[in-house]
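Hi,

Here is the structure I promised to pass on to you. Have a look at it first, and then read my notes on what turned up.

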Amino acid sequence: MNKVLRLTTVGVLVGSLSLATPLLWAVDNVAAPTTTVITSQTINKAFDENALSFILQHQTGDATVSEERVDLPFDKLENDPMASLKLLLEHVAAPIKSQTGAGKITTQINIILPPEGEKEIGKLPTLTITTTVDATGAGKSDIMLPTFKVDDKKQNVQFNLGEISGNVTFDSTREKFITALTSAGFDFIEKTNTLNIGKISASGDLNAALMPSKLDFNLSNFKVLEEGTEVVFQNIIISAVEKLSSQGIDISPGKFSLGEFTLVEKGATISMKNFVVSFDGSENGNLINYSINSSLEQLLVPAEITMDEAVDLNYTGNIEFHNLNAPSLLAIQNTATEVMKNVANPEEIADQMMLAIMGKAMEVLPQILADSPELAITKLLINSKQGTIDGQMTIGLDGKKATGLDEKTLLAALLAHTNMIFTVNKATLLKMLTTETAGDLKEAENMLKALIDQYKIPVTEAEGNYKVNVEASVKDGQPTMNEAAQSLFNIYMESQQPTPATMPEDEMEAIDEADEMGMTDEDESETETDEEEINATDEADEEADVEDKMQ
């Protein structure tokens, strides 16, 4: 039963994908795929356990219905699913491409199931595509997949697919396609495990090569419940518009938003509300700039997870990349495109992509550095019950000085500046310190005051919070820091010093012996010098005795 349902799911998903894709009048513009699809005009409707098989029925006007079979081998689908889908759509689109003048073409697509499968779940729904073309060659394809349900009480399995409908509109040039898709949802329930995909609406524009130039996608909810663990995503919205620079570099604006996320496991709930990321790009002559803006209304992590205080925070951040060399970015982009074309196995794409991009990036790095690239965090704001972080930071390189990739040259070319305001809840600090004072709050207060005095940290106290303003810069290889930054730097440097627990045993023994003898480091050094002089004198006397004997 599970095998049949998996087969059904794959078939339905393949069919659904075709809803958002124009029927391939423009298939001649698509690169030849690497997968082979077996087709035959002599219809054999027997099930093939090694392939996902379809029967296509075409009717043009009132003409006789013609049929053909298309087999997509499972191994090919796994290795190159998009190529298999394109070849399936070739056969779907063939009668439409051959249509001259006004007309109507209807294509019905059915999946071949094993005999036992049809007995268990019945006949699968038919995907129907109805295309109307006018005298100019413009037209519209309406696509419909009706509701389908399976309820196997013996296996305690339910499969519910809501109605899917869509359309593709095209003009006489057939160089632009406007697509739309709606889905009522999908449910799969097996005993206590559940997969639920809510309502989907999607629309977009595609060019003659079937590449999207505009996309709007909305998913109401996505829920998985397995072995007591529940994961829920709500209100996923994605939008993007294609935009290329004059040299063909992708600088497309886009946006992703997630209304709510929850993870429930063993009674503990992690939740997130209104996470939004938007991005955009621009060009300035031979340079490219990118910006990424993000925000999070609330993140809640319970004390059961943190093993301490619960986390309740919100976040806003803006990041910008400035002065990126356009020809170098284009070379990296072309490298990524080549990997996508030449690597057939999806499991290998990620590794091959990383190696290829890293190699090309190292090759063009000198050109990138010459244009003074810069990373700017123009806004960073994190609010929580424990405190806040509010500030900006920039880090970049002076292209005139970045003439090499060695550490000394890059440090001399480094340009950096940060201005951060840290606000820390005093009660939180004291609670942390009570772990060092056996819970004694008064002693923790004294310890905190001693630390502030020892490192001369310029803090201001108000409404139960400590506030510190940290500002630092690097230019010409020289750092400059305000008093707060210097204090924090000193604390950091001291924390990096080896402690007795991390020092080598022989060094500890030498220190202990020196302490027992009451010697300072200077005394110990002088003693070592005296011993060396005595040894040198003894060696000279021995050499003199040897010379006397030889004479």
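Helix H7 gives the most to the negative patch, with 3 residues. The patch of negative charge sits on the surface and gathers Asp75, Glu78, Glu347, Glu348 and Asp351. Helix H2 (74-79) and helix H7 (346-370) are the elements that give two or more residues to it. A word on the terms: helices (H or I, at least four residues) and strands (E, at least two) are DSSP runs, numbered from the N terminus. A patch is made of residues with over 30% relative accessible area and no salt bridge, where like charges are joined within 9 Å and nonpolar side chains (Val, Leu, Ile, Met, Phe, Trp, Tyr) within 5 Å. Lys and Arg count as positive and Asp and Glu as negative, while His and the chain ends are not counted. The place of a charge is taken as NZ of Lys, CZ of Arg, CG of Asp or CD of Glu.

Before you go further, please keep in mind that this is a predicted model, where local features need pLDDT of at least 70, side-chain atom pairs count only at pLDDT 80 or more, and totals for chains, interfaces and linings use all residues. Residues are numbered from 1 along each chain as its sequence is written, and side-chain values use heavy atoms, with hydrogens and water left out.

Glutamate 348 is found in helix H7, and it is partly exposed, with a relative accessible area of 42%. Here buried means under 20% relative accessible area, exposed means over 50%, and partly exposed is in between (1.4 Å probe, protein chains only).

Met481, Phe489, Tyr492 and Met493 make it, and its area is about 360 Å². Accessible areas come from the Shrake-Rupley method with a 1.4 Å probe, and for residues only the protein chains shown count as cover. Helix H11 (residues 483-495) gives the most to this patch, with 3 residues. Methionine 481 is found in strand E25 (residues 478-481) and counts as partly exposed, at 32% relative accessibility.

Next, the salt bridges. A salt bridge is a side-chain nitrogen of Lys or Arg within 4 Å of a carboxyl oxygen of Asp or Glu. How many salt bridges does this rule give? The count comes to 11. Here are three of them:

- Aspartate 142 pairs with lysine 140, with the closest N and O atoms 3.9 Å apart. Aspartate 142 is partly exposed at 39% relative accessibility, and lysine 140 is partly exposed at 36%.
- Lysine 243 pairs with aspartate 280, with the closest N and O atoms 3.3 Å apart. Lysine 243 lies in the loop between strand E15 (229-241) and strand E16 (254-265) and aspartate 280 in strand E17 (residues 268-284), so the pair ties together parts that are 37 residues apart in sequence.
- Glutamate 461 and lysine 426 meet through their side chains at 3.2 Å, N to O. This pair links distant parts of the chain, with glutamate 461 in strand E23 (residues 460-462) and lysine 426 in helix H9 (residues 426-433), 35 residues apart. Glutamate 461 is partly exposed at 47% relative accessibility, and lysine 426 is partly exposed at 22%.

Phi of lysine 266 is near 55 degrees, a positive value in a residue other than glycine. Lysine 266 is found in the loop between E16 and E17, and it is exposed, with a relative accessible area of 82%. Phi of asparagine 274 is near 50 degrees, again positive in a residue other than glycine. Asparagine 274 is found in strand E17 and is partly exposed at 36% relative accessibility.

Now try finding threonine 136, in the loop between strand E5 (127-133) and strand E6 (139-145). Threonine 136 counts as exposed, at 55% relative accessibility. Threonine 136 and aspartate 171 are 35 residues apart in sequence and 8.4 Å apart in space, C-alpha to C-alpha.

Finally, the whole chain. The protein chain has 13 helices and 25 strands, and of its 551 residues, 34% count as buried. The chain exposes about 32100 Å², and carbon and sulfur atoms supply 55% of that.

Cheers
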